[in-house]
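I opened the model and kept notes as I went. The entries below follow the order in which I looked things up.

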Amino acid sequence: MSTAQAENPILRSLNAAQRRAVTSNASTVAILAGPGSGKTHTLTSRVVWLVQQTGYQPSDIVVATFTVKAAREMKERIGKVLGPECERKIVLGTFHSIARRYLSAYGKHIGLDSKFGIADDGDSRAIIQRICKRHDFNIDPGFARSWISKKKAKGHATEPASNKKQPENPSLNECYREYQEHLERSNLLDYDDLLVRCVELLREYPACVSNIQAVLIDEYQDTNGIQYDLMKLFAQARQRITIVGDPDQSIYGWRSAEIRNLYRLLRDYPETDEISLEENYRSSQSILDVSLTVIQQDKKRYQKVLLPVHTKGARPVLRKLKSSAAEGDWIVSEIKRAVMMFGDMLTYEDVAILLRSASLSRHIEAALGKAGLAYRMIGGHKFYERKEIKILLDYLRAIYQPDNNDAIARIINVPRRGIGDTTIKRLIEEAEQQKMSLWSLLRKHCQGTRKATTKILPKMEQKLNTELLRLISNLQTQAQQITENSQQDLVSLIEKLLSQLNFKQYLESEYPEDHEQRWQSVQEFLSLANDFVRDSANLEDELLPEIENVDQVKDDSILGRFLANVALASDAQKNDDGAEKKSLITISTIHAAKGLEWPIVFVPSVYAGSIPHSRAEDLDEERRLLYVAMTRAQVLLYLSCPLYGSQGMGTKVELSPFVSPFASAAFAKQGTSFNRPVLEVVAKILGRDLPSEKAIFAKLPAMFSPEDNLFPVDPVDTRDAEGLDDSEGYRPKGTKRQRLNNQGYNNDDEEAVEERPWQKEYSTTMEQASSFTMASLPGFVSAGAHQNALSAAAAEAEKAAAAKKAVKMGTTRRKADQTSLLGFLPAVDPSLAKHKLASGNALNRPSSIKKEDEEGGSKKRYHCFSSSPPRPAGTEDVKEETATQEASVPDRPASSFHRTTFVSATARGGVRPTRAAFSTSGRMLKPADASISTSTRSWRNLSPQSRRYIAYGVATCLAVDGYLVYNYAPWIVGLEKRD
Ligand SMILES: Nc1ncnc2c1ncn2[C@@H]1O[C@H](COP(=O)(O)OP(=O)(O)OP(=O)(O)O)[C@@H](O)[C@H]1O
């Protein structure tokens, strides 16, 4: 390296190979390297180098990334070095967003109306579904959708019929043709069209990219055929291309990503300067070792070196849990433990939970919600997919582009205008048959200029005319004014729309149970629109550079740009950039986590059927997915596997074959002890300051367990042995738990406990997250919202229980407002009763405190051990218990079942009593209301089986109610006899 290079600040943070890549003079540079080796870092530095040292104009550089999030991060990094002015000028974004900008500016040269809209996935699916139904095609609409998409991705979009290879089902071609016609009529482009039409544009009108000096592509291994063509076409003027990629991280095969593109590049550009980066800067050595063990099972892969720069660090964990619900609870407890034990050094922001599929989020979300931990989701459904927001967006789409049939169809009867689904369907069909837009058809109907084949009653016509057509036409005028008159803005347009629709009242009548939350979302939508107006006030930022003699359309409609921004923001959550940024745990699909990193990563549900996925065609790609997930971790990596899958206790699962061969050798069975040496290594890898022991201990809450010992390490399937039923703490509405009498319960009508119709706590998954999303953080789900959902579900369950009780009065002596604890039973793992806490590894005391003790100073109890007091000898119940071998539940006054560890928070050394009172009929009492305890039978008179059930019920109540929240592990709970 020359002295000039050594002094250059861009190069100072790079190793030799990275520097070579950044400064290479070759036209084509291919950087192929493993995860965490600094590929993105190098690519960003090369952009800076090309601007600062080579003298390229920022607007002559195109940088394509794979996700919106990655684009934003790269922009930020570049902005920090080159300044915001330069950052804005670089054409940087996803392939789709770059294509949209070019099509909007130059699309007229290929006959495209610059006011085109974007059909998102939902729109495409709906259109295809209608076509299949209309023609009675014997094809699955989902399959047709992906068939069409694949075809377009492979670059055959413009001539579907010319494909030599006949499709298995000829209806597919017909469906494709109609679908395409429909999009054209509605002036819509779907995601694939954006790329296809951009290829067409750049081929037919190369002048529009004649200024491009360099094209840089991140995550190259996931580009597909059409993206490869685009890359080449963008670079056609100077042929300068830099790509970074890793074949081991190719995970988008299902989206037609072509790993072969790597070989194509080397073939098409034989002079390519190939550079490999061999040092991993991200992860600890043990995380890297275990990740490499996973990927090296693929013998066909392209071998490359990847060496850790960091020390070993904590051993990755592979934890087995009884059920998916227990897995969620364990993840929560482990997150809390890590955050607490690292003091302020780690926050919830440092934690990611990466899922093979979005539907696996349900148990995790439930556990986080129960614990009150806020989180954000990436890769699931988003803010813009909430019902109320979709309605507003459809109105805005209709205003911007009334020929958008789908948007019009969705709002014809929203708010209700008495037009039924059948009429709407007929109208759409009529419009499609007449090859005219729905909007034109409706106008003709209402103006009486068309003899309708579809009958609409005159009353409906009038409503349509006054409520929909006039509204849209008026707002169109206003939208036009926004463009012409800067005084009018997008927000006021939306406000007018809201008032004309009486949207607040509409939400109140349509969604009486959660209209307030929905109205809050609407407010949030307004503030997003406001932010958009503010951020894109300068239209120049959006424009491509002027090229001599090349005509460019200036997309000056802020509404159009706002809608495009919404459509293309599908894989990004807008971060809250407000002053008080909350520390949020991230839940993400593995796909959406590509290119990102977190200090702590959890990969739940590592079982066959989940990863590899049961429907996956390419096992190697599934292995690469797991590899991508594992290599996102910097210092702590946790894999977990329940005994039963997320479908419930009926689906026993096996550990993933990708880890089972070396599970015991490579992984720890439970979370590491966070002792000082471990903390120090973590601090060193992350380059953060480690708080003092004293500072950490001062913040530890009472009853806090410093070890990962709240869940059995080897859970046993006690289902059959215990005769418990097989749910996981929730069951579908209407199904009944087995009566305890059948289980040998004391056959007395007092204990003939009636069912509580316990509902599952959460119906949300990442796919249906909209109803649980917190208004103040777009796309983020608040724990509060979950709590509300939980309370609502519980209230409903209570009501149903009371109603049922009214019918069955006499079967139980519980009062109407009392609920059976038995509803909670199966959520508690019976095997825990036999669980022994690990010896040793108790929490270390801060050295200063030890010293104080030794010197006879004030005796602060920083930790203590409790164990069960000796049993009262010779009592009747002890005998009974011995006789029946039911030793799992003690029959003595309140105490712990097992020895356990806890920490006192008070200087007085007091520990909150670990006991709970309850009435025999099942009502759990908190200490505060102990005086109203009305137990009619003594504990002693219950059978051991009954006691055990009640014990578990109480234990779970504690967890659910949040009482003794740090101590909710069931075996810590004591029982108190009350007569
Ligand atoms: N030379 C370097 N010195 C120190 N840290 C580095 C260096 N190069 C990269 N890093 C750091 O390593 C981490 C990983 O870098 P980066 O995200 O660029 O890797 P990557 O190869 O793109 O990873 P992946 O393929 O997994 O997305 C980042 O935190 C980055 O700041």
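**Entry 1: a loop residue.** I started at N187, which sits in the loop between α10 (171-185) and β5 (188-190). Helices (H or I, at least four residues) and strands (E, at least two) are DSSP runs, numbered from the N terminus. N187 is not a glycine, yet its phi is positive, about 55°. I then checked burial. A residue is buried if 20 or more other C-beta atoms lie within 10 Å of its own, exposed if 12 or fewer, and partly exposed in between, with C-beta atoms placed from the backbone. N187 counts as partly exposed because it has 17 C-beta neighbours inside 10 Å.

**Entry 2: ground rules.** I noted that this is a predicted model: local features need pLDDT of at least 70, side-chain atom pairs count only at pLDDT 80 or more, and totals for chains, interfaces and linings use all residues. Residues are numbered from 1 along each chain as its sequence is written.

**Entry 3: another positive phi.** I looked up E219 next. E219 is not a glycine either, and its phi is positive at about 50°. E219 lies in the loop between β6 (214-217) and α12 (225-234). Is E219 buried or exposed? E219 counts as buried because 25 C-beta neighbours lie inside 10 Å.

**Entry 4: the whole protein.** I stepped back for the totals. The protein has 34 helices and 22 strands. Of its 979 residues, 46% count as buried. I also looked at contacts, where two residues touch if their C-beta atoms, placed from the backbone, lie within 7 Å. Among contacts with a separation of 6 or more, 79% link residues 24 or more positions apart.

**Entry 5: the cores.** I searched for nonpolar cores: sets of buried Ala, Val, Leu, Ile, Met, Phe, Trp, Tyr and Cys residues joined through C-beta atoms within 7 Å. The largest has 119 residues, and V47, Y102, C198 and V215 touch the most other members. Helix α17 (residues 387-400) gives the most to this core, nine residues. Beyond its neighbours within four places in sequence, V47 is in contact with I61, V63, I78, I90 and L216. A second, separate core holds 76 residues, including I295, I600, L636 and F697.

**Entry 6: around the ligand.** Which residues come nearest to the ligand? I found 19 residues around the ligand, and P35, G38, K39, H41 and Y281 come nearest. Here a residue is near if its C-beta atom, placed from the backbone, lies within 6 Å of the molecule. Helix α4 (residues 39-52) gives the most to this shell, three residues. I sorted the shell by type: four nonpolar, 11 polar and four charged. Ala, Val, Leu, Ile, Met, Phe, Trp, Tyr, Cys and Pro count as nonpolar, Asp, Glu, Lys and Arg as charged, and the others, Gly among them, as polar. Domain 1 (3-114 + 188-277) and domain 3 (307-380 + 575-699) both give residues to the shell, so the ligand shell lies between them. The domain bounds come from an automatic or database domain assignment.

**Entry 7: a set of strands.** I moved to strand β15 (residues 598-603), where six of six residues are buried. Strand β12 (residues 351-355) runs parallel to β15, and three bridges join them. Two strands pair if DSSP finds at least two bridges between them. A352 stands opposite V601 in β15. β15 also pairs with strand β16 (residues 633-642), in the parallel sense, over five bridges. There, I600 has L636 in β16 as its bridge partner.

**Entry 8: two helices.** I looked up V339 in helix α15 (residues 324-341). V339 counts as buried because it has 21 C-beta neighbours inside 10 Å. Leaving out residues up to four places away in sequence, V339 touches L346, T347 and Y348. Then I checked helix α16 (residues 361-371): 11 of its 11 residues are buried, so the helix is largely enclosed by the rest of the structure. G372 follows α16 with a positive phi near 75°.

**Entry 9: cis bonds.** A cis peptide bond joins V414 and P415, with omega about -10°. P415 lies in the loop between α18 (405-411) and α19 (421-433). The bond from I611 to P612 is cis too, with omega near 5°. P612 is in the loop between β15 and α26 (619-630).
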